[in-house]
Amino acid sequence: MFDTSDTKFTPSSAYEIVKIPETYANIIERYGVEGKYVNAQESPWVPFGVNAAIRHLAFDVRNNIASNILWIKSGGVIGTHKHRGTIVMVCMEGSARYLEYDWVAGPGDFIWETPGLCHTLVSDDPNGVKLFGWLQGPIEFYDENANFLETVDVWWYINHYETYCRDHDIPINKQMYL
Ligand SMILES: [Fe+2]
């Protein structure tokens with residue numbers, strides 16, 4: 001039986017850097033892409049409509065991926081949208097749901113959305129919600145009459161972030177560009 005508490009399945013607990021063998025060290029050095037660290041506190045809350053804001057964390061233009069925290073500040077609606085990619089969200093604070101489904105996401109809950117899904121995001125929590133998102137592919141927004149409004153993708157997110165930074169004399173954080 002698999003004993004998950006057996007220490008032979010866990011890595012070293014030594015508090016030190018361990019040099020491990022790497023067959024392709026030269027190739028990784030030439031072609032590998034460095035990992036990134038982004039200090040979230042330094043990324044401004046950029047208004048997204050009147051009752052929401054986005055804290056941008058990362059932009060990956062090769063894969064049309066953006067990562068950010070969406071903050072709906074009090075109970076409210078983000079709007080009907082259609083996905084053409086796959087997104088992952090984790091609820092950090094408060095709660096959110098979709099009018100189309102019967103579940104409510106609370107702190108720590110995991111949300112996965114796939115191409116073709118179309119739904120309307122709302123928060124019924126008086127304190128709103130904060131959602132961490134890893135968002136791949138275009139998201140198309142529609143108005144209440146089902147008229148197409150706008151495509152939100154990595155280019156849209158970069159423009160949203162940089163426009164706000166320029167207008168408020170905030171330096172662009174290059175670490176966010178993967
Ligand atoms: Fe969605």
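The structure is a predicted model, in which local features need pLDDT of at least 70, side-chain atom pairs count only at pLDDT 80 or more, and totals for chains, interfaces and linings use all residues. Residues are numbered from 1 along each chain as its sequence is written.

The secondary structure comprises two helices and 12 strands, where helices (H or I, at least four residues) and strands (E, at least two) are DSSP runs numbered from the N terminus. From the N terminus on, the order of elements is α-β-β-β-β-β-β-β-β-β-β-β-β-α. The protein is more spread out than a compact globule, because its radius of gyration of 20 Å is well over the 16 Å that the globule rule gives for 178 residues. This radius is taken over C-alpha atoms, and the rule is 2.2 Å times the number of residues to the power 0.38.

| Property of the protein | Value |
|---|---|
| Span of the C-alpha trace along its principal axes | about 60 × 45 × 30 Å |
| Residues that count as buried, of 178 | 21% |
| Share of contacts with a separation of 6 or more that join residues 24 or more positions apart | 64% |

A residue is buried if 20 or more other C-beta atoms lie within 10 Å of its own, and two residues are in contact if their C-beta atoms, placed from the backbone, lie within 7 Å.

Not counting residues up to four places away in sequence, Leu131 touches Ile69, Leu70, Met89, Cys91, Met92 and Ala96.

Terms used. A residue is buried if 20 or more other C-beta atoms lie within 10 Å of its own, exposed if 12 or fewer, and partly exposed in between; C-beta atoms are placed from the backbone.
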